[in-house]
Amino acid sequence: MSAFVRRPRVLLIALSLLLLLAFWLSLALGPLRLPLVDSLLALLRLAGVPLSGAGLEQAELIVGQIRLPRALLGLAVGSVLALSGVAMQALFRNPLADPGLIGVSSGAALGAALAIVGGSLLDAGAPPEASPTLLSASAFAGGLVVTALVYRLGRRDGQTRVATMLLAGLALSALAGAAIGLFGYLADDAALRRLTFWNLGSLSGASYARLWPLLLAALGVALWLPRRAGALNALLLGESEARHLGFEVERLKRELVLCTALGVGAAVAAAGLVGFVGLLVPHLLRLLCGPDHRLLLPAAMLAGASLLLFADLLARLLLAPAELPLGIVTALLGAPFFLWLLRREPL
Amino acid sequence: MLQAEGLAVQRGGRQVLSGIDLELRPGELLGVLGPNGAGKSSLLAALSGELRPAEGQVRLDGRPLADWRGPERARRLAVLPQSPALEFAFRVEEVVGFGRLPHASGRRRDAEIVARALAAADATHLRGRSYLTLSGGERQRVHLARVLAQLWPGGAQQVLLLDEPTSMLDPLHQHSILQAVRAFAGHGTAVLAILHDLNLAARYCDRLLLLAGGRVQALGSPEEVLLPGPLKAVFGLEVLVQRHPERGHPLIVAR
């Protein structure tokens, strides 16, 4: 039985410490290694504490301009993906559900492909890196549009049928995949390369400008979902059962879809497609602390953020000074772990 | 109290219930009997607000069911479904604790109620087990404990609807669970239970409703309803009706 069921505080404290460690290492490590203490002092200088010392100015520059926005981006992406994974698994009442099921990831990928390839086709002279904001906005909009379509297709007689939604999500994802393939076929080499890397996810484009929309979405998701922990527990019993327990199930489903579309859409817009986090983290945490959402949600949020930061550390250290795409690292870590889970016990 | 007036329900364009007038009475256990497809589950769904009637109305305390706010209704009306599908490894006491979600009675009071409800459903020994490791009958008892916890301690204001609460139970538990339901009704709760076993219904129910083709065929005490004529008409089954040698209620034997 789950090890931390009776000691929820121990688990949350341990996960918080893990996240602090991941965050600290994310500030200190990279192609140019900063002493651990310096990275903290640089953070203090950034906060306005007048410290001085050898190399601190350079440390402040690296931390402030590159590593802090990157670490914050990783934190937000990881927590949002993990929370959305929990939300989707509750919506579909299936521990194998993934945020991608409602079409948000494939929609965002389609939006990104449209921006990258369409942009380079329209304006062949412009460098392909010209418009990260347009790319993010297009990806975010793509995710929202496809999710809205999936939700609309799942509705009938004033009710949302999650099974229909799941199938509509599959169909629209396949359609988006075909469109992305077509864009890839039309793209020139530079755009194709950029599209490929975007599809593998990365935090390397981190900047404060890209960070704010995602931080807002992440904050919204992180504040709203835990308030629905009881309703999510009831939803696992079944939709009728949740209704009989007094919950407004149609509204809850709508909110879950909206929350995932905004959160995952913003995460994908900022960092590209990062697989497996939304599926794996809730799973792992259920093994540790059981399925009760009152504990699972905060735990998954902390663990998702930590996992993403550690994966990003590997991505930048393994081939330093070159960088591996983040999605490769999460898949390399995630897939074997998932197979091990499958073999370990029937889910 | 729960009342249905002139209830008619359609499902997929088909009329599954028509002209149902029914009142559940405080402290009474009402059994619903009928062949497969008679409309028993539709009746339960309409009475719980899950299905919107095409005609007629269901009222709780004189107020249409749709006008009740969710948690307020859930504190008064609980429903045990036929086969809940829960795929997550909650512990037994957590599942029973879900019955307390509509309440704000505090963790200690909830834990006490969960313990009592588990005892009433003869499931105390399952405490600490993962729901996924339970047998079908054990799961059924855990869900019964959950709906009892939802209404605990029961009272004349409350309604409990049970869809085949004994379908997966062994003979001993069929009796002990219906005894527990009876005892719960004894505190004033009006209980409606869909049953298949005529003799269990005869023994534990105060009134019986015989349903066929979406219409009420008979409604009355077990002695009034469990007669060879109506049973032959509804189930197509030839029966002998005798008296239970010790308890006096009707005893039905197939011919």
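Keep in mind that the model is predicted.

Start with the sheet. Four strands of chain B make an open sheet, ordered S2-S1-S4-S5, with antiparallel pairing. At the edges sit strand S2 (14-23) and strand S5 (63-64) of chain B, each pairing on one side only.

Now look at one pair inside it. Strand S1 of chain B, residues 2-11, pairs with strand S4 of chain B, residues 55-60, through five bridges, in the antiparallel sense.

Helix H1 of chain B, residues 40-47, lies across S1, S2 and S4 of chain B. The angle between H1(B) and S1(B) is about 120°.

Next, the helix pair. Helix H4 (residues 107-120) and helix H5 (residues 136-151) of chain B have axes that come within 8 Å and cross at roughly 135°. H4(B) is therefore oblique to H5(B). The crossing of H4(B) and H5(B) is right-handed.

Which residues meet there? From H4(B), they are B:Ile113, B:Val114, B:Ala117, B:Leu118 and B:Ala120; from H5(B), B:Ala145, B:Leu148 and B:Ala149. By class, that contact has eight nonpolar residues, no polar and no charged ones.

Last, the partner chain. 21 residues of chain B are in contact with 21 residues of chain A. Helix H2 (70-74) and strand S6 (77-80) of chain B each supply at least two residues to the side of chain B that touches chain A. H2(B) gives the largest share, four residues. By class, this side of chain B has 14 nonpolar, three polar and four charged residues.

Key. Residues numbered from 1 in each chain as written. Chains lettered and ligands numbered in written order. Predicted model: local features only at pLDDT ≥ 70, side-chain atom pairs only at ≥ 80, totals over all residues. Pairing = 2+ DSSP bridges. Contact = placed C-beta atoms within 7 Å. Axes fitted to C-alpha atoms, helices over the stretch in contact; angles between N-to-C directions. Nonpolar A, V, L, I, M, F, W, Y, C, P; charged D, E, K, R; others polar. Parallel < 35°, antiparallel > 145°, perpendicular 65-115°, else oblique. Left-handed = near helix turned anticlockwise from the far one by under 90°.
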